[in-house]
Structures are given as structure tokens and as C-alpha cells.
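Hello,

Here is the structure for you to look over. My notes follow below.

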Amino acid sequence: MEDSFQAIRSAIQAHPDNKVYTDQGWQPIYTAGPQAKLAIIGQAPGRKAQESQIAWHDASGDRLRQWLRIEPEAFYDPNQVALLPMDFYYPGKGKTGDKPPRKEFADIWHPQLLERMPAIRLIILVGRYAQEAYLTKDNRSTLTERVRHFQDYLPDFFPIVHPSPLNGRWLNRNPWFQEEVLPALQDQVQQVLTTHSEGQ
């Protein structure tokens with residue numbers, strides 16, 4: 001199975017659309033393991049994550065781990081948590097922040113990886129791009145509506161706002177997120193990972 005995951009990583013690096021990154025010596029930034037039971041679908045690596053070659057290696061990652069109440073050791077264990085951004089490479093700087101992830105990227109690689117992780121019990125969708133990609137039959141038009149009605153997507157998905165420091169204004173306007181959503185999120189994550197640990 002490990003050979004299968006390595007073959008996918010090699011295919012990602014060899015894909016013509018990724019040549020510009022491979023030529024720079026950049027590695028695809030994600031983690032995946034055959035026993036993972038929790039998947040976190042994010043946006044795309046930031047510059048710090050790309051340079052360190054560690055997913056969520058920035059202020060957003062620190063806040064995300066706090067929200068989930070997951071220690072770094074578990075967060076970065078691919079046999080507990082799969083970290084699959086919508087694009088595995090830093091997309092570069094845009095006018096108002098980082099550029100969005102490439103539209104076709106996740107369509108190619110996510111199904112191949114998730115197929116090899118049959119134990120996944122919960123997928124956390126971080127931010128608009130992940131939610132629009134995975135909640136394709138959803139009739140809610142805004143991230144706020146999706147996050148507020150997170151119960152409607154369980155037990156398969158749990159949509160949350162991106163933990164970026166730039167989202168401080170959203171968090172201040174929506175105190176229910178920390179009061180109601182985070183405790184439920186932490187409970188779901190704990191159930192998944194505790195079951196995983198007991199099953200080892």
C-alpha cells in the first residue's frame with residue numbers, strides 16, 4: 001500500500017501541469033496514509049508551508065490545531081490524519097492574498113488518494129474552495145450558511161471557516177462559531193481519533 005501512495009506522489013510530481021514547481025525543487029505538500037480516519041481538506045499551502053515542506057506550518061495551522069484540539073504529533077501522523085489541500089503547491093501571491101488553488105487539481109488526485117484510505121470516517125472541509133468542491137449538491141450559497149448548519153452534513157462532512165488570521169472579522173461577527181460549532185467539531189474529531197487509537 002505504501003508503494004501505491006508513493007506512486008501517486010511521483011505521478012503528481014511528473015505531471016506536466018506541475019513542471020514549473022518540480023523544476024524549482026518543490027514537493028507536493030500533503031499527507032496521506034492507509035489507516036487515516038480523519039481527512040482535512042484545505043485550500044492550498046501558504047508560502048511558509050511550501051518552503052518548510054510541512055502542511056499547515058503557519059499561523060493558520062496553529063489555530064486549526066487549537067480548534068480541533070489535536071496535538072502536532074497526531075495531526076502530522078498520516079495514519080491518523082490525512083491533510084489534502086485543494087492544490088498541493090503554493091499558488092503564488094494575488095492582489096489581495098494568495099491565489100486560489102487550481103480548479104482541476106483536486107479532481108485528479110483526491111479521488112485516487114481517498115480510494116486508498118477506506119477507513120476515513122470524517123472529512124473536515126476548511127473554507128469555501130473545499131466546500132464548493134465536495135458539497136456539490138448543497139443548496140446553500142454562502143460559507144456562513146454552510147458552517148452554521150454543519151449538522152446537516154454529518155456524519156460524512158464538517159464544514160468550517162478557514163483559520164487564517166485574516167478571518168478575524170468573520171469570527172467577531174459570528175460568535176456562534178466558537179460557542180456552538182467548535183465544541184461539536186472537537187467532539188466529532190475526538191470520537192474519530194479515539195476509535196482509531198483503540199482499534200490499533
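In which loop is the place of P155? P155 sits in the loop between α8 (143-148) and β4 (157-160). Helices (H or I, at least four residues) and strands (E, at least two) are DSSP runs, numbered from the N terminus. A cis peptide bond joins L154 and P155, with omega about 10°.

Before the rest, the ground rules. This is a predicted model, where local features need pLDDT of at least 70, side-chain atom pairs count only at pLDDT 80 or more, and totals for chains, interfaces and linings use all residues. Residues are numbered from 1 along each chain as its sequence is written, and side-chain values use heavy atoms, with hydrogens and water left out.

Next, the loop between α3 (47-52) and α4 (59-68). Q53 lies there, and its phi is near 60°, positive in a residue other than glycine. W56 is in the loop between α3 and α4 too. W56 is not a glycine either, yet has a positive phi of about 55°. Q53 is partly exposed because its relative accessibility is 46%. W56 counts as buried, at 11%. The cut-offs for relative accessible area: buried is under 20%, exposed over 50%, partly exposed in between (1.4 Å probe, protein chains only).

Last, α1. F5, I8 and I12 are buried in α1. They cover an arc of only 55° around the axis, so they are on the same side of α1. That arc is taken from the directions from the helix axis to the C-beta atoms. On the other side of α1, E2, D3 and A14 are exposed. What covers the buried residues of α1 includes α6 (105-115), with contact meaning heavy atoms within 4.5 Å.

Best wishes
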